[in-house]
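This briefing sets out selected features of one protein chain for computational work.

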Amino acid sequence: MSSAVPEQERAWRIGTAPGIFPLFGHGIALFRQPLGFLNSLPTYGDVVEIRLGPQRAWMVCHPELVHQMLRDTRTFDKGGPQYDRLRILMGDGVVTCRHDEHRRQRRLLQPDFRLSRVADHTEQMGEEAESVCRAWQPGQKVDVSGATMAFTTGVISRVLFSDSLDAATAAEVRHSLAAIVRGLFARTVVPVDALFRVPTPANRRYRRAVDRVHAIIDDVIAARRRGAPRDDLLGTLLTAAQGNGPEGAISEQELHDHLVSLLLTGSESPSMCLASAFSLLAEHPEVERRLHAEVDAVLAGRQRPGPDDLARLVYTRCVVTETLRHSPPGWLFTRMTTRETSFAGCRLPRGATILYSPYLLHRDPTSFAEPERFLPDRWLPGQAADERHGAMVPFAAGSRKCIGDLLSMAEMTMALATVAGRWRLRHLPGPVARPRPGATLGPRSLVMICEPRTRVPVDTSAHAGSPAPRATAAPRTDESRRAGGNGVDHA
């Protein structure tokens, strides 16, 4: 980012998107054709005014400006219609809290998400990945979306509170989350509260799902207090609730809110990414072949990777990273200005809603060569992906960068390698349906046919030197390295 021209020396383009409907604004376009609408906005400027319902909002379309915004959390705080709805759902946990509270909350939780702790969980990740594909049969139609959600829910529940969720409760969490995610997007793009107070079947399902998730978390907390202490994130929070934590005491409500936030975000986003990855692999047989070759060589006859194998799964990790670029689960986020400010030459009032879209940035042709293509090679060591602007932001940037980025990358790499070591997944006959974005982006009802694989160990040393498409030619940013190295927005 050092080559960026200072804001005052650059003439940023400011525009307004056409097609504003009374009451609904651009909400209709966002709801009906969200990705197409997003891709049209850079035509009108680097910062483009839109309407969310009757409210004015501004979409930031240039990656340099997105980084400026994400690094200035005092001015651009978590807020806007997305976070108004998320706070009703999640309270004020680390994902949704305001700037003033974030540092204390982050310091409390960060030790449980450091690299050393992630390594401690890799065995559990492998067990969960094996459990979702162990019973598959050759030629069976498999609910891939359900399997990936079962995997990620299993992993995050073990990270948060060991094995406190039985199978029935974990299934309830998955079903509740599906109803919540369906309802959350509509509440973001058309933030007219009266519409969602009407007792329609969809609104009732959403409310029941929210209430059930909160009740499950309360039950988990109560059960732990009756049982033995455990070394997990719930144990960390309970210690803090007793006033013995390094950041001081936390309230019962804060304890509850942290668990709800991390359970929902830690299940949804990596699940969507994995489902997208399996779908994309089936459409790109050469990528799939190289993935299988690497997995066969690294596993060397074993059923799943171990902790020391993650660093050797170079191409597998590139597939995950390219999936995050091509189909980012967190595709649209909002912020709110805490004061009147000048941004890119545009005067923004206090309380203005600002949006940014990783999907839009990841499809920027000035940052990524052939952005529509699925090309994991662009992330191989020594390649030049995302060098110009740091447009790769699947985990956000700055102090609010996703607290679970390392955990998510590890679990997705483990799951992809474990499943690919046993099975090849094929699309059903006919055209492949493109997922419609909701609160997150990814296939929610992906059914594929599984075929058993015969492992043929090969030497994959040549893969790291394979040619990849060139992008731009400046040094890679910290964000792009970490992205290679889940929406609900990040912590």
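A salt bridge is counted here when a side-chain nitrogen of Lys or Arg lies within 4 Å of a carboxyl oxygen of Asp or Glu. Lys 401 and Asp 405 meet this criterion, with their side chains joined at 2.8 Å from N to O. The model is a predicted one. Its protein chain contains 18 helices and 11 strands, and 60% of the 491 residues count as buried.

**Overall make-up**

- The protein chain exposes about 19,400 Å², of which carbon and sulfur atoms supply 53%.
- In total, the structure holds 33 salt bridges.

- Helix H13 covers residues 252-283, a run of 32 residues. From first C-alpha to last, H13 reaches 48 Å, which is close to the 46 Å expected at 1.5 Å a residue.
- H13 is mostly covered, with 29 of its 32 residues buried.
- Helix H17 spans residues 405-420 and has 16 residues. Its reach between the first and last C-alpha is 22 Å, close to the expected 22 Å.
- H17 is likewise mostly covered, since burial means under 20% relative accessible area and 15 of its 16 residues are buried.

**Salt bridges**

- Side chains of opposite charge can pair when their charged atoms come close.
- In the pair formed by Lys 401 and Asp 405, both residues are buried.
- Asp 377 forms a salt bridge with Arg 290, and the closest N and O atoms are 2.9 Å apart. This pair links distant parts of the chain, 87 residues apart: Asp 377 belongs to the loop between helix H16 (358-362) and H17, while Arg 290 is in helix H14 (residues 285-299).
- Asp 377 counts as buried because its relative accessibility is 12%. Arg 290 is also buried, at a relative accessible area of 8%.
- Arg 117 and Asp 112 meet through their side chains in a salt bridge of 3.8 Å, N to O.
- Arg 117 is buried because its relative accessible area is 16%, and Asp 112 is buried because its value is 7%.
- Asp 112 and Arg 117 also take part in a network of salt bridges that links them with Asp 120 and Asp 231.

**Positive charge on the surface**

- Arg 182, Arg 204, Arg 205 and Arg 208 gather in a surface patch of positive charge.
- The element that gives the most to this patch is helix H11 (residues 201-226), with 3 residues.
- Arg 204 is found in H11. Arg 204 counts as partly exposed because its relative accessibility is 40%.

- Ala 344 has a phi near 55 degrees, a positive value in a residue other than glycine. Ala 344 sits in the loop between strand E7 (341-343) and strand E8 (346-348).
- Ala 344 counts as buried because its relative accessibility is 4%.
- Glu 370 is not a glycine either, and its phi is positive at about 45 degrees. Glu 370 is placed in the loop between H16 and H17.
- Glu 370 is partly exposed because its relative accessible area is 41%.

**Loop residues and distant sequence positions**

- Val 393 is found in the loop between H16 and H17. Val 393 counts as buried because its relative accessibility is 1%.
- The C-alpha atoms of Val 393 and Val 66 are separated by 9.4 Å, although the two residues are 327 residues apart along the chain.
- Arg 230 has its place in the loop between H11 and helix H12 (233-241). Arg 230 is partly exposed because its relative accessible area is 39%.
- Arg 230 and Phe 161 are 8.0 Å apart in space, C-alpha to C-alpha, and 69 residues apart in sequence.

Methods:
Residues are numbered from 1 along each chain as its sequence is written. This is a predicted model: local features need pLDDT of at least 70, side-chain atom pairs count only at pLDDT 80 or more; totals for chains, interfaces and linings use all residues. Side-chain values use heavy atoms; hydrogens and water are left out. Patches are made of residues with over 30% relative accessible area and no salt bridge: like charges are joined within 9 Å, nonpolar side chains (Val, Leu, Ile, Met, Phe, Trp, Tyr) within 5 Å. Accessible areas come from the Shrake-Rupley method with a 1.4 Å probe; for residues, only the protein chains shown count as cover. Lys and Arg count as positive and Asp and Glu as negative; His and the chain ends are not counted. The place of a charge is taken as NZ of Lys, CZ of Arg, CG of Asp or CD of Glu. Helices (H or I, at least four residues) and strands (E, at least two) are DSSP runs, numbered from the N terminus. Buried means under 20% relative accessible area, exposed over 50%, partly exposed in between (1.4 Å probe, protein chains only). The expected span of a helix is 1.5 Å times one less than its number of residues.
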